[in-house]
Amino acid sequence: MSIFSTHPALRWAVPGVAVVAVVGGAGAAGVISAQADSPLPPRTAAQLLVDVQNARLDGLSGTVVQRADLGVPALGAIAGSGSGSGASGGGSSAGGSGSSDLTSLVSGTHTLRLWYAGPDRTRVALLGSSGESDVIRNGKDVWLWSSQDKSATHTSLPAEEARHQAASPAPGTAGMPSSPQEAADLALKAITPSTTVTTSGTATVAGRSAYELVLTPKDPASLVASVRLAIDSQKHVPLRAQVFAEGSSEPAFEVAFTSVDFGRPDAAQFAFNPPEGTKVTERTLPSHQDKKPGQDPADKPTIVGTGWGTVAVATMPKQAAGSGTEDEQVTAMLDLLPKVSGTWGQGHLLKGKLFSAVLTDDGRVAVGAVTPQTLYAALAAR
């Protein structure tokens, strides 16, 4: 649920002391070339990385625009998620631009409002043409609310797990970053010697001056060509994150502030009271003490590879009895995808601009921001 945390503003895959060594080893120690009309002093990529690592925030609120053009086939209508012929690559459909459904963040253009007042006081609101959906963290209480559906889910976090949940992704967002910070977190976890880190001048984002940092994967298996981060020159936090696919001059994914205030939001922003007529579902997460050996799924995802070439391989859960309609929808979706096969077996391939996924006939799924051939190798190795 947390967008920021009390730890350094960005989490690194290398210790802070090694940042300069990693950047220098990647050939990224050059001085940034500030624009002629920019008052910003020159900064090296290594200096920017240290700035971001040491950044701290007491509070933040603002408006964010997210754009996703992942090149995903329009399969939503078949699954019964809505009508319309949304064009491949983020065309407008029932779940695309203008939707207030959190799962729609995978395509189209969306506007979100963010509030942050510490790791246990966060709120994200997806604003749609017909309503909004909010994810609110207030201490131990986590609310997921849809104004359009007039529904809310309240999750009460166990005391000993509340601080761990503060660093978990917001539920229901389909894994898509809802802020520049989250997008930068994901990209910077891969900042190993397999990444070239450079600078590319300055920019103005949400009316604030920023330095631009560029991460370029060296791994040939990666579908990501580069990640560009606009770092606030004073607060040292990301104001914009852009992800470019191989062979494209336009970002396949972009999330950027259009307005931002670094003041601490009022506590009332995190106090949620369900509106009259809202159907509330209560959920309680089990504590570590309540969990018994063998209760966790036996087949957790297996991680193959490292950095930009990472692949996750998992076994899909079996459909419950009586879910014939859902089975038919899944089958109809799979039939639209090209069939693939190899020494690992056979299945169907879903390929976007920034990721690939294989769903095998024997119930496995492999996914990563990598080429299909890399997925096949991971399936064969498992």
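Guide: A residue is called buried when its relative accessible area is under 20%, exposed when it is over 50%, and partly exposed in between, using a 1.4 Å probe and protein chains only. Helices (H or I, at least four residues) and strands (E, at least two) are DSSP runs, numbered from the N terminus. This is a predicted model, in which local features need pLDDT of at least 70 and side-chain atom pairs count only at pLDDT 80 or more, while totals for chains, interfaces and linings use all residues. Residues are numbered from 1 along each chain as its sequence is written, and side-chain values use heavy atoms, with hydrogens and water left out.

Visitor: Which residues of helix H6 are buried, and against which strands do they pack?
Guide: Helix H6 covers residues 372-381, and its buried residues are Pro372, Thr374, Leu375, Tyr376, Ala378 and Leu379. Contact here means heavy atoms within 4.5 Å. By that criterion, the buried residues of H6 pack against strands E13 (302-304), E14 (311-315), E15 (339-342), E16 (345-351), E17 (356-360) and E18 (364-368).

Visitor: How many residues of helix H2 are buried?
Guide: Helix H2 takes in residues 45-53 and is mostly covered. Its buried residues are Ala45, Ala46, Leu48, Leu49, Asp51, Val52 and Gln53. Out of nine residues in H2, the number buried is seven.

Visitor: What is the order of the strands in the open sheet?
Guide: Two strands count as paired if DSSP finds at least two bridges between them. Strands of a sheet pair through backbone hydrogen bonds, either parallel or antiparallel. The open sheet has 12 strands with mixed pairing, in the order E7-E8-E9-E10-E11-E1-E2-E3-E4-E5-E6-E12.

Visitor: What is the average twist from one strand to the next, and at what angle does H2 run to E7?
Guide: The sheet of 12 strands has E7 (195-205) and E12 (279-284) as its edge strands, each pairing on one side only. The average twist from one strand to the next is 15°. Axes are lines fitted to C-alpha atoms, for helices over the stretch in contact, and angles run from 0 to 180 degrees between N-to-C directions. Helix H2 lies across E7, E8 and E9, and its angle to E7 is about 75°.

Visitor: Which residue is the bridge partner of Leu60 in E2?
Guide: Strand E1 is joined to strand E2 (residues 108-116) by nine bridges, and the two run antiparallel. Within E2, the bridge partner of Leu60 is Tyr116.

Visitor: Which residue in the turn between E4 and E5 has a positive phi?
Guide: Strand E3 (residues 121-128) pairs with strand E4 (residues 131-138) in the antiparallel sense over eight bridges, and a hairpin of two residues joins them. E4 is in turn joined to E5 (residues 141-146) by six bridges, again antiparallel, with Asn138 facing its bridge partner Asp141. E4 and E5 form a hairpin with two residues between them, and the turn residue with a positive phi, of about 65°, is Gly139.

Visitor: Where in the hairpin of E5 and E6 is there a positive phi?
Guide: Six bridges join E5 to E6 (residues 151-156), and the strands run antiparallel. Ser146 has Ser151 as its bridge partner in E6. The hairpin has four residues between the strands, and the positive phi, near 55°, belongs to Lys150.

Visitor: How many salt bridges does a search of the whole structure find?
Guide: A salt bridge is a side-chain nitrogen of Lys or Arg within 4 Å of a carboxyl oxygen of Asp or Glu. Side chains of opposite charge can pair when their charged atoms come close. For the whole structure, the search finds 10.

Visitor: How far apart in sequence are the parts tied together by Glu254 and Arg67?
Guide: Glu254 is buried at 13% relative accessible area, whereas Arg67 is partly exposed at 42%. Their side chains meet in a salt bridge with an N to O distance of 3.7 Å. Because Glu254 lies in strand E11 (residues 253-261) and Arg67 in strand E1 (residues 60-68), the parts that the pair ties together are apart in sequence by 187 residues.

Visitor: Which residues are linked in a network of salt bridges?
Guide: Arg228 forms a salt bridge with Glu212, with the closest N and O atoms 3.1 Å apart, and this pair links E9 to E8 across 16 residues. Arg228 is partly exposed at 23% relative accessibility, while Glu212 is buried at 8%. The residues linked in the network are Glu212, Arg228 and Arg240.
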